[in-house]
Amino acid sequence: MVRMALSPDQEGGWMVQKTNNSKAASSISGTGKRVRVLIVEDDSVDRKQIRRCLETSAMAVEVDEASTISAGMAALKAAAYDLVILDHILPDGSGIDMIRQMRQSELEIPVIVTTGYGSELLVVELLRAGAFDYIPKDQITADILYRSVARAVRVRTAEQQVYRQDRLLQGIGRAATRLLSVTDLRAAVSDALAFLGSVTGVDRICVFEHVSSPSGASPSAVQRFEWARGDEILRLSRKDAAGFAYADAGLQRWDKILHEGGVINGPVRNLPDPEKKRFEKEGVCSLLVVPVRVEEAFWGFVEFDDCHAERQWTQSEESVLSATAAGIGGALVRKQAEEAMRISEEKYRNFIENLNLGVFRNSVDEGGAFLQVNQAHARILGYSSAQELQGKHIM
């Protein structure tokens, strides 16, 4: 257990104590993380009782305390909490006042209200204001508090997952639209990656093309595109950013995993040592790497880097991001095919224009209008330029 000394906050309330439960992490949220709770209660005896119930319950918690609404709001704006346990009567207002302030500040954190003076009308009023649950103080036990906290955290986790999924699908829809509608490939991919960066909350997205060596040398990956959040993030610099051999970069297993359709997903600290050292040096906390397959063939991969938080992407997030990565790869392949066609047509036109033999192409209608004529044919027919024959009929 870790305790902190009393200290006044800027609003004149008191941040009383911080408790760190040393138990193994509970599975309440399904993430393995401790549940971070803020107790807002002006009575020190009640604070102690709630804290003891939390510590002795079947969950791992981190607890902060505040004695006023102003101190509680300051704490909520300064750090991320999973839950608030709130007294109904406080020196600077009621629990309903704080709930309304939280909603006005867009702090969508579940609130459990406690009070020694309860009634059915008060419960209805609290629930209407946005409280998740209500527990009379004389009924607070470790078991009751655990069940209430568990329900609140699970509901919030489910709501957050739905919200993230909705945002992700919206971003993917916008990205797909850009890839299909914008002819400038660089602009299309840049916009698509920006949409994905916004909805995933990552700091950096890179698109790599896989390159197989015909001579039997180690396969490599070449970076084609990179999107990074604004100037406020940690700048990532790699000497081999433009391209690297998997073996030289310590990423041999990536080639095999990605070729087989697998992904690399999770906190960097869980990676094998060579990979872990590489990405920790770059300041990456967690990453998701999804393969790009075009026409059933492995084309490359897209790497999503989070430099601020550890996360584990869900299977559904993996799936939708893999589908979008395939769209990016498909757009790149189409652009490469279009560019090859343009070069081929340009070579053909140059070849025809520079021939000393007359060459023309005409329509199949009666009379046959000239569709294409080279300069030599124009001279044969007595014209000074091929443009003069455009639209004229052979007859």
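**Close-up views of a predicted model**

**View 1. Helix 8 and its buried face.** In helix 8 (residues 273-281), the residues Glu275, Arg278 and Phe279 are buried. Buried means under 20% relative accessible area, exposed over 50%, and partly exposed in between (1.4 Å probe, protein chains only). Helices (H or I, at least four residues) and strands (E, at least two) are DSSP runs, numbered from the N terminus. Seen down the axis of helix 8, its buried residues fall within an arc of 85°, so they line one face of the helix; the arc is taken over the directions from the helix axis to the C-beta atoms. Lys277 and Lys281 are exposed and sit on the face turned away from the buried side. The cover over the buried residues includes strand 12 (243-245), helix 7 (252-259), strand 14 (286-294) and strand 15 (297-306). Gly283, with a positive phi near 85°, follows helix 8.

This is a predicted model, in which local features need pLDDT of at least 70 and side-chain atom pairs count only at pLDDT 80 or more, while totals for chains, interfaces and linings use all residues. Residues are numbered from 1 along each chain as its sequence is written, and side-chain values use heavy atoms, with hydrogens and water left out.

**View 2. The salt bridge between Glu303 and Arg204.** A salt bridge is a side-chain nitrogen of Lys or Arg within 4 Å of a carboxyl oxygen of Asp or Glu; a search of the whole structure finds 19 of them. In the one between Glu303 and Arg204, the closest N and O atoms are 3.9 Å apart. Glu303 lies in strand 15 and Arg204 in strand 10 (residues 204-211), so the pair ties together parts that are 99 residues apart in sequence. Both Glu303 and Arg204 are buried.

**View 3. The salt bridge between Glu310 and Arg269.** The side chains of Glu310 and Arg269 meet in a salt bridge at 2.8 Å, N to O. This pair links distant parts of the chain, 41 residues apart: Glu310 is in the loop between strand 15 and helix 9 (315-353), and Arg269 is in the loop between strand 13 (264-267) and helix 8. Glu310 is partly exposed at 43% relative accessible area, and Arg269 is partly exposed at 48%. Elsewhere, salt bridges that share partners join Glu41, Asp46, Asp87 and Lys137 into one network.

**View 4. Arg186 in helix 6.** Arg186 lies in helix 6 (residues 185-200) and is exposed, with a relative accessible area of 56%. Leaving aside neighbours within four places in sequence, Arg186 is in contact (heavy atoms within 4.5 Å) with Arg224 and Phe225. Arg186 and Phe225 are 39 residues apart in sequence, and their C-alpha atoms are 8.3 Å apart.

**View 5. Two buried cysteines.** Cys53 counts as buried at 10% relative accessibility, and Cys206 counts as buried at 0%. A search of the whole structure finds 0 disulfides, a disulfide being a pair of cysteine sulfur atoms within 2.5 Å.
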